[in-house]
Amino acid sequence: MLTVYGCPNTRSTRVVWALEEAGADYEYVPIDLRAGAGLRPDYLALNIGGKVPTLVDSGFVLTESAAICTYIGDRFAQAKLVPLAGTRERASYNQWCYFALSELEQPLWTLAKHRFALPKHYRVPAVLDTARWEFAAAIQVLAAGLGQHSFIVDERFSAADILIGHTLAWARAFELPLEQDNLQTYAARLWDRPALARAKRRERAESGLPD
Ligand SMILES: N[C@@H](CCC(=O)N[C@@H](CS)C(=O)NCC(=O)O)C(=O)O
């Protein structure tokens, strides 16, 4: 049995999106981060950082959204969410997953941390401009890498698109412009996926929030 621990509007949406794409059967346990549920001892025993997402698969515990999405892709191979291990396609897939986490997400996370996520006395407003500039540089790389392709790896939807699509939705929420036409079309294609809509609904419903 698969269990996801998550919270709406966080990186756990990536994992639930991947599970929905895979047609997996899973249990969802809401972790109300605002109420401090991430710091409960029973949750810290699963995720020592007190963060979401966490996946538990019959006693096997995995954290880190990208690692979990890749695990889901391997476990539900018929969904073809990740290319086969050992292939060049898998290497390109890894490349874009690492890019999503280290280049694309980081400036947005810096914006979030220094706007609202960090305790007030740790926020440094002077870094906000730098983070916007770094994000603009990262999306130029993404736009060039995508070109006129429909998806980021091998013309096939993969979990790398989940990580990137989720991160681009953050950019939209932060009102950062996606000026490149190809990125706008790509983002719209990802945000339109029925599995993403189902994932968001499931997380909200399980957390007792309206649609
Ligand atoms: N690198 C981790 C980051 C996880 C993370 O920072 N999650 C946030 C929500 S998006 C969280 O749980 N924050 C609560 C906290 O920092 O206390 C991943 O991708 O899974």
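Modeller: Two residues are in contact if their C-beta atoms, placed from the backbone, lie within 7 Å. The model is predicted: local features need pLDDT of at least 70, side-chain atom pairs count only at pLDDT 80 or more, and totals for chains, interfaces and linings use all residues. Residues are numbered from 1 along each chain as its sequence is written.

Biologist: Which residues is C69 in contact with, leaving aside its neighbours within four places in sequence?

Modeller: By that cut-off, C69 touches R14, V15, A18, A159, I162 and L163.

Biologist: What makes the largest nonpolar core a core, and which residues have the most contacts inside it?

Modeller: A nonpolar core is a set of buried Ala, Val, Leu, Ile, Met, Phe, Trp, Tyr and Cys residues joined through C-beta atoms within 7 Å. Buried means that 20 or more other C-beta atoms lie within 10 Å of the residue's own, with C-beta atoms placed from the backbone; exposed means 12 or fewer, and partly exposed is in between. The largest such set has 43 residues, and A18, C69, A160 and L163 have the most contacts inside it. Elements giving two or more residues to this core include α1 (12–22), α3 (65–75) and α6 (159–173).

Biologist: Why is this core said to lie between domain 1 and domain 2?

Modeller: Domain 1 (2–81 + 195–206) and domain 2 (88–193) each contribute residues to the core, so it lies between them. The domain bounds come from an automatic or database domain assignment. Across the boundary, 12 residues of domain 1 are in contact with 10 residues of domain 2. On the domain 1 side, α1, α3 and α8 each give two or more residues.

Biologist: How many helices and strands does the protein chain have?

Modeller: There are eight helices and four strands, where helices (H or I, at least four residues) and strands (E, at least two) are DSSP runs numbered from the N terminus.

Biologist: Why is the chain called as compact as a globular protein of its length?

Modeller: The radius of gyration is taken over C-alpha atoms, and the globule rule is 2.2 Å times the number of residues to the power 0.38. For 211 residues the rule gives 17 Å and the chain's radius of gyration is 17 Å, close to that value, so the chain is as compact as a globular protein of that length.

Biologist: Which residues are around the ligand?

Modeller: They are T10, R11, L33, G38, G50, K51, V52, P53, E64 and S65, each with its C-beta atom, placed from the backbone, within 6 Å of the ligand.
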